[in-house]
Amino acid sequence: TREPAAGGAAEAPSDAGSIPLGEVIGGRYRLVAHIGSGGQGEVWRAEDVEIAGHTVALKMLFERAATEADRDMQLRELRMLATVSHPAVVQFKDHGWLGGRLWFVMPWYEGQDLERAIPLDRLEARRVFETVAGGLAAVHAKGLRHQDIKPGNIFLAKIDGLEGTMPILL
């Protein structure tokens, strides 16, 4: 299963979305499946056409940036996120514009969001909490706030070489 915010949805992906499947965004990312939509935008699973076998999550914001001030405001979140380096905080990889809409690329994670994993046993819940708290500490150390911490924004990712899952704050 997958989680919409950084790579997948717990339900089966649909092919619905505002952009046709197969479209190449930014000259590099071919849309493979529409994963879901939230309050700010829609998320796609995409293939990196420059690197064979590289799958990413691409988020396209709904709101169009009509002015340079709008563009700067939309880029603000990405600029802030770029200053945080912690394994429990999702990283963005690339970004661009399509028809005035900001898109950005994040890692594609296999796994599920915490909301779908509940209930956890006490030991696992503590491990998830401590890992996410470490990510939040890194965010706060940069003077930033997350503002939307909830089980649906914590992804339990299966990472190659790690036993179990890695909690990632989306």
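Which strands do the buried residues of H1 pack against? Let me start there.

First, the ground rules. This is a predicted model, where local features need pLDDT of at least 70, side-chain atom pairs count only at pLDDT 80 or more, and totals for chains, interfaces and linings use all residues. Residues are numbered from 1 along each chain as its sequence is written, and side-chain values use heavy atoms, with hydrogens and water left out.

Now the helix. Helices (H or I, at least four residues) and strands (E, at least two) are DSSP runs, numbered from the N terminus. H1 covers residues 68–82, 15 residues in total. From first C-alpha to last, H1 reaches 20 Å, close to the 21 Å expected at 1.5 Å a residue. That expected span is 1.5 Å times one less than the number of residues. H1 is kinked, by about 35 degrees, with the centre on leucine 75. The bend at a residue is the angle between axes fitted to the seven residues ending there and the seven starting there.

The buried residues of H1 are Gln74, Leu75, Leu78 and Leu81. Buried means under 20% relative accessible area, exposed over 50%, partly exposed in between, with a 1.4 Å probe and protein chains only. Back to my question. Those buried residues pack against strands E4 (55–64), E5 (94–98) and E6 (101–107). Contact here means heavy atoms within 4.5 Å.

Next, the largest pocket. Its volume is about 1,400 Å³. Of its 44 lining residues, Gln40, Lys59, Glu77, His146 and Asp148 are the closest to the centre. Two or more lining residues come from each of E2 (29–37), E3 (41–48), E4, H1, E6 and H2 (114–117). H1 gives the largest share, seven residues.

On method: the grid is 1 Å, over the protein atoms alone. A pocket is an open set of points with protein on both sides within 12 Å along at least five of seven lines, and lining residues have an atom within 4 Å of a point. Grid points are joined across faces, edges and corners, and the volume is the space filled by probe spheres, 1.4 Å ones, set on the points.

Now the loops. Proline 119 sits between H2 and H3 (122–141). The peptide bond into it from isoleucine 118 is cis, with omega near 5 degrees.

Further along, glutamine 147 is in the loop between H3 and E8 (154–158). Its phi is positive, about 75 degrees, although it is not a glycine. Glutamine 147 counts as exposed, at 65% relative accessibility. Arginine 145 lies in the loop between H3 and E8, and is exposed at 64%. Leaving aside neighbours within four places in sequence, arginine 145 contacts Val139 and His140.

Last, serine 18, in the segment before E1 (24–25). Serine 18 is partly exposed, at 48%. Not counting residues up to four places away in sequence, it touches Glu42, Trp44 and Arg101.
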